[in-house]
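Here are some short notes to read beside the model. Please keep the structure open as you go through them.

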Amino acid sequence: MTGSTETIRVVIPLTIRKRNGRPKILPPEDHCAREGRTQDPHVLRAIARAWKWRRQLESGAVSTIQDIAVAENVSDRFIGRMIRLAYLAPSVLEALVIARRPLAIAINDLMAVAELPWDEQMQRVFG
């Protein structure tokens with residue numbers, strides 16, 4: 001899409017509440033949880049952090065990944081890898097965050113999947 005100014009907006013209706021001092025991501029109230037299906041809280045936390053960093057960059061709150069790394073006290077390489085999760089296909093994000101569908105791959109592999117075209121991501125993430 002060279003030269004295109006099209007924007008895609010992804011809205012994920014989530015609620016974040018603190019529990020024991022830690023943020024907990026809750027699905028929408030009208031969501032029916034499927035028994036036996038859970039999502040690793042580390043995956044949900046990583047996705048939430050990636051979106052936070054993406055919003056900071058897009059809003060101009062920070063200028064570079066290095067600025068985020070300094071603020072988070074981590075390496076810029078870590079931020080660069082993790083922020084990829086904010087670019088997952090909307091269908092993958094919905095399955096992970098709303099439906100809490102468990103991953104068929106490791107979280108490190110999930111970061112690499114984010115670089116694939118959206119139509120290929122579901123198969124790679126869930127097998």
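1. Start with Arg 54. This residue is buried, because its relative accessible area is 15%, and buried means under 20%. Please note that the model is a predicted one.

2. Arg 54 has a charged partner. Its side chain meets that of Glu 58 in a salt bridge, 2.9 Å from N to O. Both residues lie in helix H1, four residues apart, about one turn of the helix. Glu 58 counts as exposed, at 55% relative accessibility.

3. Lys 52 and Glu 72 form a salt bridge, with the closest N and O atoms 3.3 Å apart. That pair links distant parts of the chain: Lys 52 is in helix H1 and Glu 72 in helix H2, 20 residues apart.

4. Glu 72 also forms a salt bridge with Arg 49, at 3.6 Å from N to O. Here the two residues are 23 apart, with Glu 72 in helix H2 (residues 65–72) and Arg 49 in helix H1.

5. Arg 49 is partly exposed at 28%. Lys 52 is partly exposed at 37%.

6. Now look at Trp 53, in helix H1 (residues 41–59). Trp 53 is buried, with a relative accessible area of 0%. Beyond its neighbours within four places in sequence, its contacts include Glu 72, Phe 78 and Met 82. Trp 53 and Met 82 are 29 residues apart in sequence, yet 9.3 Å apart in space, C-alpha to C-alpha.

7. For the overall tally, a search of the whole structure finds four salt bridges.

Note on methods
Residues numbered from 1 in each chain as written. Predicted model: local features only at pLDDT ≥ 70, side-chain atom pairs only at ≥ 80, totals over all residues. Heavy atoms only, no water. Buried < 20%, exposed > 50% of the residue type's maximum accessible area, 1.4 Å probe, protein only. Contact = heavy atoms within 4.5 Å.
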